[in-house]
Amino acid sequence: DDEKKTYHLEKGIEYLKMRAEDKYVKWNYEGGEIPRWMYGVAPSEEMTQATLQYLGIVHWVYKKDALAADKWYAKCMEFNEDYFRCFMNRSELYTDLEKFDDAWNWGLEAVHRSERVPKGGRSSITHGHDKECKLPLHLLKVSLKLDIAKRPEVLDAMRILMASGVEHCPIDSEEEGTLRKVKARIDGAGTAVGEVEEKVEE
């Protein structure tokens, strides 16, 4: 029921906060708690940055608490300014909040930081897909919400993103529609967003 879901959600957040603050505890078989420093397993940089990221995701996706989510993304970016996923997540948050200029700017920050390739670990496994597919597709989606008459540099960025090979990424029908709209907007540069969408739908 809802009460149980809320309980487990809050316990999960509590656990993640302990991990983020290096206060993670390990349960022994008797049900007691053993502080992390006693069994000598220090959290890695990868674990800490991922935990900070997950705290942001959980607070927005499950609690719809934008302020808390933004706070945790900011902590993640402060912890490792090269961990581009938190910049990308912040951009996604602002997109959901319909703050499209901020979403675009944070997305570009994510692009700049995505050049750093993680050395091993889980982050390195999905780095290529997130950098070459997920992030460009997200930015192209945001670009359709911007007024290129006021921000002409966005059009140049759209062209660069489209030329990056994003069309070869595995995409769903919604993303396919986004790419069609982006192409139409580039072809009809200067056309209002609504007009472009009408042409695509035709």
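Q: Are Cys133 and Cys169 buried or exposed in this structure?
A: This is a predicted model, where local features need pLDDT of at least 70, side-chain atom pairs count only at pLDDT 80 or more, and totals for chains, interfaces and linings use all residues. A residue is called buried under 20% relative accessible area, exposed over 50%, and partly exposed in between, using a 1.4 Å probe and protein chains only. By that rule, both Cys133 and Cys169 are buried.

Q: Which residue is joined to Cys133 by a disulfide?
A: A disulfide here is a pair of cysteine sulfur atoms within 2.5 Å. For the bond of Cys133, the S to S distance is 2.0 Å. The partner of Cys133 is Cys169.

Q: What is the handedness of the link of Cys133 and Cys169, and how many residues apart are they?
A: The link is left-handed, with -85° about the S-S bond. It ties together distant parts of the chain: Cys133 sits in helix 7 (residues 121-143), while Cys169 is in the loop between helix 8 (153-163) and helix 9 (173-187). Helices (H or I, at least four residues) and strands (E, at least two) are DSSP runs, numbered from the N terminus.

Q: What is the handedness of the link of Cys76 and Cys86?
A: Cys76 and Cys86 are also joined by a disulfide, S to S 2.0 Å. Cys76 belongs to helix 4 (residues 66-79) and Cys86 to helix 5 (residues 84-96), 10 residues apart. Both Cys76 and Cys86 are buried. With 80° about the S-S bond, their link is right-handed.

Q: Which pattern do the disulfides of the protein chain follow?
A: The structure holds two disulfides. Counting bonded cysteines along the chain, the pattern is 1-2, 3-4.

Q: How many helices and strands does the protein chain have, and what percentage of its residues is buried?
A: There are 10 helices and two strands in the protein chain. Read from the N terminus, the elements run α-β-β-α-α-α-α-α-α-α-α-α. Of the 202 residues in the protein chain, the buried share is 39%.

Q: Why is helix 1 described as roughly antiparallel to helix 3?
A: Angles under 35 degrees count as roughly parallel, over 145 as roughly antiparallel, 65 to 115 as roughly perpendicular and the rest as oblique. Axes are lines fitted to C-alpha atoms, for helices over the stretch in contact, and angles run from 0 to 180 degrees between N-to-C directions. Helix 1 (residues 2-20) and helix 3 (residues 45-61) have axes 9 Å apart, at an angle of about 150°. That angle makes the pair roughly antiparallel.

Q: How many residues of the contact of helix 1 with helix 3 are nonpolar, polar and charged?
A: Contact means heavy atoms within 4.5 Å. Among the residues making this contact are Leu9, Ile13 and Leu16 of helix 1 and Leu52, Leu55 and Val58 of helix 3. Ala, Val, Leu, Ile, Met, Phe, Trp, Tyr, Cys and Pro count as nonpolar, Asp, Glu, Lys and Arg as charged, and the others, Gly among them, as polar. The residues divide into nine nonpolar, three polar and two charged.

Q: Which residues does Leu55 touch, not counting residues up to four places away in sequence?
A: Leu55 is found in helix 3, and with 0% relative accessibility it counts as buried. Its C-alpha atom is 6.9 Å from that of Ile13, 42 residues away along the chain. Leaving out residues up to four places away, Leu55 touches Ile13, Leu16, Lys17, Ala20 and Trp72.

Q: What is the handedness of the crossing of helix 3 and helix 4?
A: Helix 3 and helix 4 pack at about 165°, with axes 7 Å apart. That makes them roughly antiparallel. A crossing is left-handed if the near helix is turned anticlockwise from the far one by less than a right angle, and right-handed if clockwise. Here helix 3 passes helix 4 in a crossing that is left-handed.

Notes: Residues are numbered from 1 along each chain as its sequence is written. Side-chain values use heavy atoms; hydrogens and water are left out.
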